[in-house]
Amino acid sequence: MAAVPCAIALGSNLGDSQTILQQALTALSHCPDIDVIAQSSLYQTVAIGPPQPDILNACALLNTPLSARDLLNRLLGIEQHFGRVRRERWGPRTLDLDLLFYGQAIIAEPTLQVPHPRLRERAFVLIPLAEIAPAWCDPVSGQSVQSLCQAVDPAGVQPLGPISA
């Protein structure tokens, strides 16, 4: 199967979040069937959900021959490797890896939705994604990431610079 361009979001607010995000990107780049082709800067965002520390967010672009399901399973495995435990929705996490786009595919399954169903309303996803893929066209809305980014309120999303120190 030919490689498919994909976009993912990364987030962490437990432990040494900056190191965790860098190590997660390294883990992805060491997968023989995943090429990390770009990564955004790091952003600090006020967490949504229950009271918890601010979240460090970033996005990355990948190329992979994996199916969307297999890529999601790989992302979930990396989350578990970094100690991710799902106790409550939108709760604190050591690592969160979300599949945002899988090429131009639209997938609506109970445990896999692509594009990510809430990416269009989340500045903490759109701002870092627009940094590395402004022209990517959302297959649902038909709008570019840059256009979607301009439509959200950027308040609470603070740029911190490169992920790696």
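The largest nonpolar core of this predicted model has 31 residues. By a nonpolar core I mean a set of buried Ala, Val, Leu, Ile, Met, Phe, Trp, Tyr and Cys residues joined through side-chain atoms within 4.5 Å. Buried stands for a relative accessible area under 20%, exposed for one over 50%, and partly exposed for values in between, computed with a 1.4 Å probe on protein chains only. The residues with the most contacts inside this core are Ile8, Leu10, Leu71, Leu95 and Leu99. At least two core residues come from each of β1 (4-12), α1, β4 (55-64), α2, β5 (96-102) and β7. These labels denote DSSP runs, numbered from the N terminus: helices are H or I runs of at least four residues, and strands are E runs of at least two.

A word on conventions. Residues are numbered from 1 along each chain as its sequence is written, and side-chain values use heavy atoms, with hydrogens and water left out. As the model is predicted, local features need pLDDT of at least 70 and side-chain atom pairs count only at pLDDT 80 or more, whereas totals for chains, interfaces and linings use all residues.

Let us return to Leu71. Which residues does Leu71 touch, not counting residues up to four places away in sequence? With contact taken as heavy atoms within 4.5 Å, they are Cys6, Ile34, Leu62, Thr64, Leu66, Leu99 and Tyr102.

The next residue is Leu25, which is placed in helix α1 (residues 17-29). Leu25 is buried, because its relative accessible area is 3%. If residues up to four places away in sequence are set aside, Leu25 touches Leu10, Val36, Gln39, Ala60 and Ile163. Leu25 and Cys59 are 34 residues apart in sequence, and their C-alpha atoms are 9.8 Å apart in space.

I now come to helix α3 (123-132). How many of the 10 residues of α3 are buried? Nine of them are, and α3 is thus described as mostly covered. The buried ones are Ala123, Phe124, Val125, Leu126, Ile127, Pro128, Leu129, Ala130 and Ile132.

Let us turn to charged pairs. How many salt bridges does a search of the whole structure find? It finds three, where a salt bridge is a side-chain nitrogen of Lys or Arg within 4 Å of a carboxyl oxygen of Asp or Glu.

Arg74 is partly exposed, because its relative accessible area is 28%.

Another pair is Arg69 with Glu109, with the closest N and O atoms 2.8 Å apart. This pair links distant parts of the chain, since Arg69 is in helix α2 and Glu109 is in strand β6 (residues 107-109), 40 residues apart. Arg69 counts as partly exposed at 28% relative accessibility, and Glu109 counts as partly exposed at 34%.

A further pair is Arg120 with Asp138, where the closest N and O atoms are 2.7 Å apart. Arg120 lies in the loop between β7 and α3 and Asp138 in the loop between α3 and α4, so the pair ties together parts that are 18 residues apart in sequence. Is Asp138 buried or exposed? Asp138 is buried, because its relative accessible area is 0%. Arg120, by contrast, is partly exposed, with a relative accessible area of 23%.

Asp138 also has other neighbours. Not counting residues up to four places away in sequence, Asp138 touches Phe101, Pro115, Arg120, Gln143 and Leu148. Of these, Pro115 deserves a remark: the peptide bond from Val114 to Pro115 is cis, with omega near -5°. Pro115 itself sits in the loop between β7 (112-114) and α3.

Finally, the cysteines. How many disulfides does the count come to? The count comes to zero, a disulfide being a pair of cysteine sulfur atoms within 2.5 Å. For Cys137, the nearest cysteine sulfur is that of Cys149, 15 Å away. For Cys149, the nearest is that of Cys59, 10 Å away. Cys149 is buried, with a relative accessible area of 14%, whereas Cys137 is partly exposed, with one of 30%.
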